Amino acid sequence: MSNHKTINLVVFGIGNVGSTLIQQIHTAKKQLQQQNITIKIPVVTNSKLAFYNEDGLTHTWDCDFQKFSVPYKVNEIISFVKAQQFQNLIAIDATASTDFVKNYVSLVENGFHIVSANKVANTLHYDFYNTLRNTLKKHNKSFLYETNVGAGLPIIETIKNLYGSGEQITKIKGVFSGSLSYIFNVFSERNKSFSKVLQEASKLGLTEPDARQDLSGNDVARKVLILARELNLKAEFQQVSIESLVPKQLNGKTTLHQFKTRIKELDVPFQNRLASLSNDAVLRYVGELDVVNQTLEVKLVSEKKQSAIGQLRGADSIFEIFTESYGENPLVIQGAGAGKAVTARGLLSDVIKLSNQLN
Ligand SMILES: NC(=O)c1ccc[n+]([C@@H]2O[C@H](COP(=O)([O-])OP(=O)(O)OC[C@H]3O[C@@H](n4cnc5c(N)ncnc54)[C@H](OP(=O)(O)O)[C@@H]3O)[C@@H](O)[C@H]2O)c1
């Protein structure tokens, strides 16, 4: 078993995605052994507490965390893994934190690869984006973030492969948000008010607790920006033109409670929008990166029912990648673009990809 590898993960963030990842790693143990990989998790943290176990977590990790976790600083975790002389270190970022991202450079300088579900590092100012990549190069470390766009769907990898092989990508367009996919897929059936659909989406756990975060379009805009940067466009978040779906009178200055009680104010404008379409058309909230004209947009558009985007169902995401070789008919990737199980699986798949490059 000379080519057997032990990978040491430090999991930052044990919410929906982080805890599902730990569960999936336990369940996949045998499968991983067959690939000569052992994944050990010597440290897990939330925003304030860390649980250390140099032998790696067991299936009682959740209880152990409740009982034995202690306040921590990232530097202390770095000292701990150094003292233990752990090899093949990967930091998992399963937070949504801007603060945590500030640790990336120091983690890389101290021997960590990074696998992240958190979009922040790829959407901050371009200087940070560049500094991180230069640091990674200098220390020969990897940063994988397939789950930043489309959760478990292979979007980043596909685009990287196309771009890296010299294929001219001209446009990427699609529905990049599970919650907004559901909302407009159902609303476009024309038998429910917008507020009713929004409430249903919230009940199904598809929206953020404050649905205005989804309706603002910022999350879709971040994904468009990440895709643009994959194609080497030095774009900034401010360059994304965003059509927010939050009415001005219900913006962030209004409390969440006020927003919820006045939610019917959204009905007339969206109903009018739908009524203005022909019968064979539906509304879709799309992200669009026009590479030729270098425009980044997030907007509500009308699509023919029969088009790939028009046929979308449930909370699925769809990505249409237009390139020179694919011509008029884009390469299409479609499926669940959100959810803890597919996102955690996407993180694990990044970990395995990285492990295959390690000694
Ligand atoms: N859920 C999905 O479908 C999905 C899909 C694609 C990508 N993602 C991304 O995956 C990430 C995690 O999502 P989630 O749904 O699992 O979120 P979540 O349930 O809110 O969990 C977030 C976790 O991060 C921890 N955390 C927050 N700030 C931290 C910090 N500074 N340092 C260390 N830990 C910190 C939180 O700890 P506390 O409890 O102490 O605050 C919590 O354990 C997000 O970036 C999200 O955008 C999620």
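Predicted model: local features only at pLDDT ≥ 70, side-chain atom pairs only at ≥ 80, totals over all residues.
Trainee: Does N140 count as buried or exposed, and at what relative accessibility?

Mentor: N140, which has a positive phi of about 55° although it is not a glycine, has to be judged against a cut-off. Exposed means over 50% relative accessible area. N140 lies above that cut-off and so counts as exposed, at a relative accessibility of 67%.

Trainee: What is the phi of R190, and where is the place of this residue?

Mentor: The place of R190 is in the loop between α10 and α11, the latter spanning residues 194-203. At 33% relative accessibility, R190 counts as partly exposed, because this value falls between the 20% and 50% limits. R190 is a residue other than glycine, and its phi is positive, near 70°.

Trainee: How many residues of helix α10 are buried?

Mentor: Helix α10 covers residues 178-187 and is described as mostly covered. Among its buried residues are G178, L180, Y182, F184 and F187. With buried meaning under 20% relative accessible area, the count for α10 is 10 of its 10 residues.

Trainee: How far apart in space are Q35 and K5, C-alpha to C-alpha?

Mentor: Q35 lies in the loop between α2, residues 29-34, and β2, residues 37-45, and Q35 is partly exposed, with a relative accessible area of 38%. Along the sequence, Q35 and K5 are 30 residues apart. In space, their C-alpha atoms are separated by 9.2 Å.

Trainee: What separation do the C-alpha atoms of Q84 and T60 have?

Mentor: Q84 belongs to the loop between α4, residues 74-83, and β5, residues 89-93, where Q84 is partly exposed at a relative accessible area of 33%. Q84 and T60 are 24 residues apart along the chain. Their C-alpha atoms are separated by 22 Å.

Trainee: Where does the ligand sit?

Mentor: The ligand is surrounded by 21 residues, and the closest are I14, V17, S47, T95 and G339. By class, this shell has 8 nonpolar, 12 polar and 1 charged residues. A backbone N or O atom of T95 lies 2.6 Å from an oxygen atom of the ligand, and the protein buries 69% of the 920 Å² that the ligand exposes when taken alone. The ligand sits in the largest pocket.

Methods:
Residues numbered from 1 in each chain as written. Heavy atoms only, no water. Near = heavy atom within 4 Å. Polar contact = N/O pair within 3.5 Å; in protein donor to acceptor, adjacent residues only side chain to side chain. Areas by Shrake-Rupley, 256 points an atom, 1.4 Å probe, with all protein chains shown as cover. 1 Å grid on protein atoms, 1.4 Å probe; cavity = no way out; pocket = protein on both sides within 12 Å on 5 of 7 lines; lining within 4 Å. Sits in = over half its atoms within 2 Å of the grid points. Nonpolar A, V, L, I, M, F, W, Y, C, P; charged D, E, K, R; others polar. Helix = DSSP H or I, 4+ residues; strand = E, 2+ residues; numbered from the N terminus. Buried < 20%, exposed > 50% of the residue type's maximum accessible area, 1.4 Å probe, protein only.
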